[in-house]
Amino acid sequence: MDNLLEIKGLRVAFHTDDGTVHALNDVDLELGDGETLGLVGETGAGKTTLARSIMRLIPSPPGVIEAGEIFFEGRDLVGADISEMLGIRGNRISMIFQDPMSALNPVITIGDQIAEVIGVHQKVSHKEAWERALLMLGTVGISADRAGDYPHQFSGGMKQRVVIAIALACNPTLLIADEPTTALDVTIQAQVLEMMADLKKKLGTATILITHDLGIVAQMCENVAILYAGEIVEAGTVHDIFKRTLHPYTEGLLAAIPKINENVTRLRPIDGLMPDPMALPEGCAFRERCTYATDLCRTARPALSVTEGRHKVRCFHPILKGGASYGQ
Ligand SMILES: Nc1ncnc2c1ncn2[C@@H]1O[C@H](COP(=O)(O)OP(=O)(O)OP(=O)(O)O)[C@@H](O)[C@H]1O
């Protein structure tokens, strides 16, 4: 298998007392070695569920992987047992969760927190783990002198660097970062993103970057997957998504970005709401909000089809108008 990660037909549901939440429906995704993929979608689209499925960290119950395959480095993760996953998590695949600041233990020094992760996952001596922790701090731009400091002695941006150091401490081949900079103010956000881009060049770690922000995608990613109501509706290179937009939802996301060269008096939101994942409608999930919807869209569900190269779209009436004038 050529891809580092290959997901096929993934279906994940949460069986709650109120009903079944269809969080992911037939998700196909691929990621090459060293590639950065932006996973974009509005709240509740299923981004975190997809990330947790790869880590096999879906809370169960109520969550269940109902169908599909996740292959990582040729290994079947859906069929993997707990001990196999313990060997993969942290070592091969690492995740930065939402609200990363709460990931740090307030009563342990940051050097010890990094060293502990290295010691647990790679079974090295305390001395070696500590030395590698100091090197890792340097890699994220923090002086080794600060290894004995506690999290409260660091600013938000510095804490986020520590969280990234922990995630990368064991040299994973895949990093999943779930909105890693949303809690930071914009200037610090830019510094942390710049550092992540540098680290990517240096370490070559493939990354899935979950974000609502298409500006971050344009800056950081080579490829993009747009998730809507638990389905990938469009995927492709950044150029495909921004310049050769095919799906009306992607068009709406791009139109909602304020543009510097336009005299914008109000942002253009996408009208309506995402359908309730407990009661997904027949047909296309986006049809109620889509200006191009026809009768066919009400009765049949479009398949995800490849148009050119890696550019895929799930739509009966894809658009092609030159895309939006944003980013690259
Ligand atoms: N433990 C759970 N129990 C029940 N439903 C859940 C659970 N976790 C997620 N869901 C539901 O699954 C759907 C997808 O949620 P998910 O958190 O993956 O979305 P998201 O795109 O990451 O959203 P956000 O951007 O707000 O983080 C939502 O309808 C959510 O309410």
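Modeller: A residue is called buried if 20 or more other C-beta atoms, placed from the backbone, lie within 10 Å of its own, exposed if 12 or fewer do, and partly exposed in between. The model is predicted, so local features need pLDDT of at least 70 and side-chain atom pairs count only at pLDDT 80 or more, while totals for chains, interfaces and linings use all residues. Residues are numbered from 1 along each chain as its sequence is written.

Biologist: Are the residues of strand 3 buried or exposed?

Modeller: Strands (E, at least two residues) and helices (H or I, at least four) are DSSP runs, numbered from the N terminus. Thr36, Gly38 and Val40 point one way from strand 3, and Leu37 and Leu39 point the other way. Five of the five residues of this strand (residues 36-40) are buried, so it is largely enclosed by the rest of the structure. The answer for these residues is therefore: buried.

Biologist: Which residue is the bridge partner of Val40 in strand 8?

Modeller: Two strands pair if DSSP finds at least two bridges between them. Strand 3 and strand 8 (residues 206-211) run parallel and are joined by five bridges. In strand 8, the partner of Val40 is Thr211.

Biologist: Which helix gives the most to the shell around the ligand?

Modeller: A residue is near a molecule if its C-beta atom, placed from the backbone, lies within 6 Å of it. Of the 16 residues around the ligand, Phe14, Thr43, Lys47, Thr48 and Thr49 come nearest. Strand 1 (5-16), strand 2 (19-31) and helix 1 (47-55) are the elements that give two or more residues to this shell. The most, three residues, comes from helix 1.

Biologist: How many helices and strands are there in the chain?

Modeller: Along its principal axes the C-alpha trace spans about 65 × 50 × 40 Å. The chain contains ten helices and twelve strands.
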